[in-house]
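Me: Got a model open here and I'd like to talk through its surface and its rings. Can you walk me through it?

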Amino acid sequence: MFLPKEILGLAFTSLDPDGVLPPLINAINQSLLDLPIFTVYLEHRGAANNVPGGVFTYGGLDTTNCGDVIAYQSLSSATYYQFVATGFALGSYSISKKYQVISDTISSYIGGPKAVILISPLEAMSIPFNQ
């Protein structure tokens, strides 16, 4: 797993051992953003180096890369971007059950319920990439 020496904090003060105010929260508190939100668009580029892999949009929605369907989910914990997911679906596999999940843009780690994580790679291998 790649962990950079410095990261731009998008999380919450409670995660910093020194209680440092993260830049995004600081910008929101100072009304520097049009809206108190950010949008993350991630694009798969394979093993390419020195090419953009996505876009962060601070203070608004990314209307260039993201579609018209916008959904907001309340956080279940103001530590990580943690919320309740009510189900998962991939290919022919689906499960309808509530899970606590975290949205994380700094790692390639995929965590979740064992039943979902173990079946997902098998289903993913049978789905063409462009779907």
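This is a predicted model: local features need pLDDT of at least 70, side-chain atom pairs count only at pLDDT 80 or more; totals for chains, interfaces and linings use all residues.

Me: Which residues make the nonpolar surface patch of about 270 Å²?
Reply: Leu15, Tyr80 and Ile102 make that patch. Patches take residues with over 30% relative accessible area and no salt bridge, joining like charges within 9 Å and nonpolar side chains (Val, Leu, Ile, Met, Phe, Trp, Tyr) within 5 Å. A salt bridge is a side-chain nitrogen of Lys or Arg within 4 Å of a carboxyl oxygen of Asp or Glu. Areas are Shrake-Rupley with a 1.4 Å probe, and for residues only the protein chains shown count as cover.

Me: Where is isoleucine 102 found?
Reply: Isoleucine 102 is in strand 7 (residues 99-102). Strands (E, at least two residues) and helices (H or I, at least four) are DSSP runs, numbered from the N terminus. Isoleucine 102 is partly exposed, at 45% relative accessible area; buried means under 20%, exposed over 50%, and partly exposed in between (1.4 Å probe, protein chains only).

Me: Switching to rings. How many aromatic pairs are there?
Reply: The structure has 3. Rings of Phe, Tyr and Trp (its six-membered ring) pair if their centres lie within 6.5 Å, with planes under 30 degrees apart called stacked, over 60 edge-to-face and the rest tilted. Phenylalanine 12 and tyrosine 81 are a tilted pair, because their centres are 5.1 Å apart and their planes sit at 40°.

Me: What does that pair tie together?
Reply: Parts 69 residues apart in sequence, because phenylalanine 12 lies in the segment before helix 1 (23-29) and tyrosine 81 in strand 4 (residues 81-85). Phenylalanine 12 is buried at 18%, while tyrosine 81 is partly exposed at 22%.

Me: Which pair is stacked?
Reply: Phenylalanine 56 and tyrosine 58 are, at 6.1 Å centre to centre and 15° between the planes.

Me: And what does leucine 75 touch?
Reply: Leaving aside residues up to four places away in sequence, leucine 75 touches Phe12, Tyr81, Gln82 and Phe83, with contact meaning heavy atoms within 4.5 Å. Leucine 75 sits in the loop between strand 2 (54-58) and strand 3 (77-78).

Key:
Residues are numbered from 1 along each chain as its sequence is written. Side-chain values use heavy atoms; hydrogens and water are left out.
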